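Please consider the structure shown below together with its sequence. The report then describes selected features.

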Amino acid sequence: MPEFPFYKQPEALDCGPVCLRMVAKYHGRYFSLQTLRKSSELNHEGASINGISKAAEAIGFQTLGVKLNFSRLASEATLPCIVPWKNNQFVVVWGFKKKRFSSRKNNTHTLVQIADPAQGLLTQTYEEFMAGWLSYRQEGVSQGNVLLLEPKPEFYLDKSLDSGRKVGFREAFAYLFKYKSLLVQLLFGLLVGSAFQLLLPFLAQSVVDIGINTHNMRFIYIILIAQLTLFASQNIVDFIRGWILLHISSRVNVMILSNFLSKLLRLPISFFDTKLFGDIMQRINDHERIETFLTSTSLSAMFSLLSIFIFGIVLGIYDFTIFLIFLFGTLAYVAWALVFLKNRREIDGLRFTAQARNQSAIVQLIQGVQDIKLSNSERQKRWEWEKIQAALFKINYRGLATMQYQKAGAVFINEGKNILITFLAAKAVVDGHITLGTMLTIQYILGQLNKPVEQLILFTQTWQDAQISLERLNEIHALEDEEPGSAVGLQTLPAEKSIRLKNVDFAYPGAEARLVLHGINLHIPAGKTTALVGASGSGKTTLLKLLLKFYQPTRGKIQVSHISLDQIGQEAWRDECGVVTQEGFIFSDTIARNIAVGEENYDTARLLHAVKVANIQEYLESLPSGFNTRIGMDGNGMSQGQRQRLLIARAVYKNPSFLFLDEATNSLDATNESAILNNLKQFLDKRTVIVVAHRLSTVRHADNIVVMHNGSVVEQGTHDILVSQRGYYYTLVKNQIELDS
């Protein structure tokens, strides 16, 4: 049986789509991971077995989810199939075989062949497999979930979803070719350097064969001066080449990274719900490998090829037998190095995952140090980090072992070739076939050939690293923008600023996700304040995210005046929206630039007005540098109330048409809250305001109060009307204020 096709999961949440990708490849079709991710309805918990089933049916599989015991799985299941695995993962079961020298037919002598996206192709014993398979006891027999897949005719016929284009270097080299004039200078430098190197062995030979044999010191001095001149010229050329290379590599690195960050910032906010911090940072670090390959490694490879070509011809002219020995020895050396590429690729994938986890763990340790210390969990968190280090050590140990095996074989082949050539050259001198100077020249040429061969091996390995990095970056570049260029929405909002929601349902991405909002019909009048109230989990914040276009409704429609919200451009809509959320971010910058986010030159009058409305002026005046005081990331050094007032000032400074306040005053004391609400009255006049709050003091004066429960609107009206109805709203607020009974 041929080896099962294997793909490594780029991230921990991708195991389900990657398993389906392997099964599809086994049946002869290539699909991009992004295609399968989208169909699998991946969420922040990964894919479910139902999500994988939907994705499989979307690309032409017939699927069936069943519960089987091990015997039926081994004898009746259509392979390959997908099974749930330990730690909420999935693996592909693709084969069974008996243990060697075993003729027994019981399960314990069966080996299971699985493809684990996290670890690779594994062969497990019955006990190991059963320990990982999520099985259940029913009538004394262990059973487990299995997703059976069988391709239908449309799997082979329908090519509409097929994403067969492999990752290439055309786009990557496009960055490099923008500097054609500098590349021409580098090429000229390579040619000059090669010419200098080519002259050196002939000069060395003439010293021995002419200068020494004829005792002509004057000739030796002339050759010595020529050699010094060549060495000096070669160093000058290398110096200039280094500066040109630094100039190109710096610009290429900035361009590649800038394009990646630009793409990252164009992605929808929902993308970041399912991505770990470490995964994104590791992809950013991958740019260094791509830049190294494009510049220094690729250009060094060009120089190496040129050196091998020139010195190979010279060596062949001197002694064709020695040239053939060098050629076959080099081919054996290269073949030995290529054997290890597959193992290097697997180790690289494991290292990427472990380093991503390590980076996320370190960030959590630093950012969560206060809560870690307050809960006395320093030792536990440190142990968790040490477990990651242990996993990294094992991966690095395996990588070191691979490198040492490769190096040992390479040294044996390379040095064996050099010793044999030295012996043959020495014998030729003794036999009188060549002169001593010729032998020294051959040794020099051999040294000049060995280094370029090693650089070509390094080029092959760096090429593999860059290809892996490109594949990981393409996972991001292949994603659809939040607002695709071909579907840019309206850039001007209608004059009338009311909002309507018509039969809006919403569920967060995921095949088994339940509706968070259902049947929402709501009118938010222009120039009025609408408050959303309800118990935690009732859907208030989710509704706010829909209005801010973080997500699209699952069903239904949201309109601004008579225009559908999804027809309005993201930038145009958010330009008109001021937002204060519970998770508002404070940047590591001055207070002024934290209020006037995105503006190089802020408006001082607007800034003063904003801090006055947010009641933060007294705090700023107490600071030695006032507005120019720098604060730490996420507001380190500020109290929660001060952070919240700063976020309110940011929203006021923006001077928006729509203002969204999500628990905007929940961290404020009664005095500050009262002052801010009074200051906001004039600012909110003629603006469309949506307020989410638990405190009655925040919402009681709203023009309309919308009461939500379990994702639905259950009541609407003013405070007095809702209290008089003694319904759900009355129950919510009666514990906050003394109401007439």
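## Basis of the model

The model is predicted, with local features requiring pLDDT of at least 70 and side-chain atom pairs pLDDT 80 or more, while totals for chains, interfaces and linings use all residues. Residues are numbered from 1 along each chain as its sequence is written, and side-chain values use heavy atoms, without hydrogens and water.

## The open sheet

An open sheet of mixed pairing is formed by 6 strands in the order E13-E14-E15-E10-E16-E17. Strands are DSSP runs (E, at least two residues), as are helices (H or I, at least four), numbered from the N terminus; pairing requires at least two DSSP bridges. Strands E13 (577-580) and E17 (712-717) are at the edges with a single partner each, so one side of each lacks a neighbour in the sheet.

E10 (residues 529-533) and E16 (residues 704-709) pair in the parallel sense over 4 bridges, with Ile705 in E16 as the bridge partner of Ala531.

## Strand E14

E14 pairs in the parallel sense with E13 over 4 bridges and with E15 (residues 688-692) over 5 bridges. Val579 stands opposite Phe660 in E14, and Leu661 stands opposite Val691 in E15.

Because 5 of the 5 residues of E14 are buried, the strand is largely enclosed by the rest of the structure; buried means under 20% relative accessible area, exposed over 50% and partly exposed in between (1.4 Å probe, protein chains only). Phe658, Phe660 and Asp662 point one way, and Leu659 and Leu661 the other.

## Helix H9

Helix H9 (residues 217-266) contains Leu246, which counts as partly exposed at 45% relative accessibility.
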